[in-house]
2 protein chains.
Amino acid sequence: MTVSKSSIYEPLTENTAVALTVRLQLFEDSSVLTCKEIGDGNLNLVFHIKDQLTNNGIIIKQALPYAKVIGESWPLTLDRARIESSALLKQAEVVPTLVPKIFYTDESLAITVMEDLSHLQISRAALLDGKDLPLLSEHIGEFLAKTLFYTSDYALDPRKKKQLVKQFSNPDLCKITEDFVFTDPFFDVESNNFEEELRTDVERIWNDTHLKLEVAKLKQKFLTSAEALVHGDLHTGSIFASESKTKVIDPEFAYYGPLGFDIGHFFANLLLNSLSRAEENREVLFKHIETTWAVFTREFTKAWENDSLEVFTKVEGYLEDVLSQVFEDAIGYAGVEMIRRTIGLAHVADLDTIEPLERRIEAKQTALAIGSELVKKKKEITDPNQLRSYAAAFAHQ
Amino acid sequence: MTVSKSSIYEPLTENTAVALTVRLQLFEDSSVLTCKEIGDGNLNLVFHIKDQLTNNGIIIKQALPYAKVIGESWPLTLDRARIESSALLKQAEVVPTLVPKIFYTDESLAITVMEDLSHLQISRAALLDGKDLPLLSEHIGEFLAKTLFYTSDYALDPRKKKQLVKQFSNPDLCKITEDFVFTDPFFDVESNNFEEELRTDVERIWNDTHLKLEVAKLKQKFLTSAEALVHGDLHTGSIFASESKTKVIDPEFAYYGPLGFDIGHFFANLLLNSLSRAEENREVLFKHIETTWAVFTREFTKAWENDSLEVFTKVEGYLEDVLSQVFEDAIGYAGVEMIRRTIGLAHVADLDTIEPLERRIEAKQTALAIGSELVKKKKEITDPNQLRSYAAAFAHQ
């Protein structure tokens with residue numbers, strides 16, 4: 001992994017972050033600014049600058065040249081700040097209300113200055129708090145349909161699209177996904193992380209040739225299929241939400257990939273959350289999955305019918321065919337995401353905070369069983385409805 | 001279509017071509033050079049420089065900033081000279097004996113100086129002369145297996161591969177394929193070119209929803225599937241051959257595309273040649289198709305087993321799965337190529353030189369029928385052997 005570290009790059013401090021804010025004149029002269037670093041420190045510095053008088057704020061995000069989760073010795077390209085701000089700007093062209101506003105970017109400092117979203121809550125945390133987030137799936141369905149359709153060959157002149165493919169070439173962050181999502185969890189390697197109680201289930205995965213064959217194909221599609229500009233990491237931790245608002249953040253993994261990739265990741269994270277809940281409280285998550293797909297289908301269809309440049313979109317049956325392929329891929333990617341979030345390097349709080357241990361292990365076993373089933377049965381699962389019964393069947397085993 | 005015309009670009013003349021040769025010191029000082037422009041003048045100037053004393057020669061190819069086949073008013077990027085020479089160099093890394101040697105390139109002049117292949121014959125012409133070219137398919141099978149495998153994610157670090165995807169981004173020449181291969185022949189548009197006697201057959205194609213749906217998917221795969229560095233225009237006119245030698249030329253359409261694309265084009269052009277022959281002389285072409293696929297499979301498998309970087313290649317059944325998908329795609333692309341070479345903008349001599357008219361029309365009807373069948377039945381045709389019976393069935397209708 002190479003670092004494209006500019007000679008003038010240096011990490012901001014709270015003081016220099018305020019100085020930058022003043023220089024950019026983002027607040028009134030009379031403002032009284034405070035600054036706090038609120039990042040989790042894994043990959044980025046995140047400064048929250050606030051005017052004490054008006055309570056207005058901004059966020060300054062700066063990429064760090066290494067990944068702490070794996071140790072400071074793993075350098076990580078600063079180019080991801082360019083990818084992130086370019087993706088946010090591209091998404092804002094079609095879903096301006098669903099992404100944070102960008103005020104300023106500096107590529108050599110790997111800095112993006114953007115809207116303060118602290119009045120919202122990260123949707124993973126909100127769901128863990130038992131909140132319903134009634135508009136979450138309506139908004140994410142729209143986000144997915146519009147960001148995917150309008151960056152695809154269905155909507156764009158293919159020459160313009162090929163420029164975007166180059167602009168969003170993201171080899172280093174894709175490599176993280178290739179390794180930690182698609183590869184390591186399926187082999188006995190050191191980066192995996194799971195409770196010893198899961199070993200039998202994990203070994204079943206490592207020995208499941210059918211599963212690994214399907215994962216191999218899903219990985220190959222991730223590597224080669226430049227269908228649309230995908231977010232690349234659309235889990236519930238990448239979404240700020242409230243009762244009425246939704247904002248998708250952190251598209252540093254954005255690249256041209258398969259249409260079903262983001263959809264699958266969102267599905268998987270809703271399913272993982274469902275496993276953290278008592279059975280009687282899971283329905284809202286299945287409804288979210290159904291709504292996401294229904295809204296995606298509705299908005300994608302509308303865009304297809306009104307804004308296609310591709311003449312073949314008029315051919316009877318083509319849209320249905322595309323949607324059914326997208327759904328199949330989404331189910332496959334959902335399965336991979338469920339597995340890797342359970343036994344791979346990066347976990348989710350939804351599973352890891354379950355107490356006591358026995359219930360946590362049981363939930364993780366269910367996650368692995370559902371994940372494997374989704375990957376292997378992706379051609380047979382043709383309706384989000386079916387996920388409810390799959391989940392129920394495995395929860396009762 | 002944009003012209004990336006450098007300020008210093010100007011077309012060579014026979015005199016300046018000789019001057020360049022002298023400057024490059026490619027011949028002895030004592031040589032007596034002659035120069036002849038031998039290009040067909042559509043897209044490129046091609047100078048054949050020869051030393052009268054030794055009979056050694058070289059070729060200087062220079063891209064023109066427009067395409068004459070469509071009229072001088074259609075500008076065409078000079079960047080294709082960079083693509084062509086880069087592709088030849090890349091191919092030479094794995095099949096040095098199957099491509100012309102490159103002696104010199106100049107990107108701003110869009111010039112490539114390369115090996116003189118005038119001792120060989122273009123394989124389309126040789127096949128039309130009734131020659132067997134006994135090693136053609138052995139060599140092309142090897143060319144396909146090695147150029148495709150070693151530029152794919154199976155063999156390369158995915159970051160290196162993504163660099164190559166960017167290097168070989170070829171929007172303008174891909175657009176020509178997208179329009180004239182995948183789109184126009186399937187709609188009633190002006191660029192098409194066919195005898196009035198074919199109108200009923202052509203309208204059957206334009207009204208065949210099933211066919212168009214499959215072509216739409218093949219086009220989408222062409223647009224999005226960056227599996228390997230494909231030649232992009234591998235018809236029998238892009239291959240020099242003799243009894244013992246084969247050289248693949250003209251990769252100006254090279255880009256990262258589907259593994260099956262080149263294979264399908266080569267198959268189609270062999271099938272088109274078979275239609276120019278009396279039935280009793282066709283067998284050699286079916287054998288060439290079978291040998292191409294057998295050698296491709298053998299060499300691809302060898303490379304897969306010995307040189308894969310991708311760990312999933314060890315999963316049982318994966319190679320068979322990849323090969324069967326490649327074959328299915330190849331059959332589909334072969335069908336599209338047969339149709340577009342019959343009724344689209346660019347024809348092949350194999351069909352157009354058939355006399356009398358009645359036999360020509362019949363051959364073209366057969367080409368359209370076989371082409372449509374290949375596209376629609378690509379999942380059912382799983383062995384090159386079947387092509388012989390398809391061809392026979394339609395020839396007898």
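How much area do chain B and chain A bury between them, and what share of it is on carbon and sulfur atoms? Chain B and chain A bury about 3500 Å² between them, with 65% of it on carbon and sulfur atoms. Buried area here is the accessible area (1.4 Å probe) lost by two parts on being put together, summed over both. Of the area that chain B buries against chain A, B:Arg159, B:Lys162 and B:Phe312 supply 20%, more than any other three residues.

This is a predicted model, in which local features need pLDDT of at least 70 and side-chain atom pairs count only at pLDDT 80 or more, while totals for chains, interfaces and linings use all residues. Residues are numbered from 1 along each chain as its sequence is written, chains are lettered from A in the order in which they are written, and side-chain values use heavy atoms, with hydrogens and water left out.

**The single chain**

Chain A has 14 helices and 10 strands; these are DSSP runs, helices being H or I of at least four residues and strands E of at least two, numbered from the N terminus. Along the principal axes, the C-alpha atoms of chain A fill a box of roughly 60 × 55 × 40 Å.

**Symmetry**

Chain B is superposed on chain A by a rotation of 180 degrees with 0.0 Å of shift along its axis, at an RMSD of 0.0 Å. The two copies are therefore related as by a two-fold rotation axis. In chain B, the C-alpha of B:Ser225 is the one nearest the axis, 2.4 Å from it. The superposition is by least squares on the C-alpha atoms of residues with pLDDT of at least 70 in both copies.

**The interface**

The copies meet through the same surface, because 100% of the interface residues of chain B are also interface residues in chain A. Contact means heavy atoms within 4.5 Å, and the two sides are listed below.

| Side | Residues in contact with the other chain |
|---|---|
| Chain B | 40 residues |
| Chain A | 40 residues |

Six salt bridges are found across the interface of chain B and chain A, each a side-chain nitrogen of Lys or Arg within 4 Å of a carboxyl oxygen of Asp or Glu. A:Lys162 forms a salt bridge with B:Glu178, and their closest N and O atoms are 2.8 Å apart. On the side of chain B that touches chain A, the elements giving two or more residues are α5 (158–167), α6 (171–180), α8 (209–224) and α11 (318–343) of chain B. α8(B) gives the most, with 10 residues.
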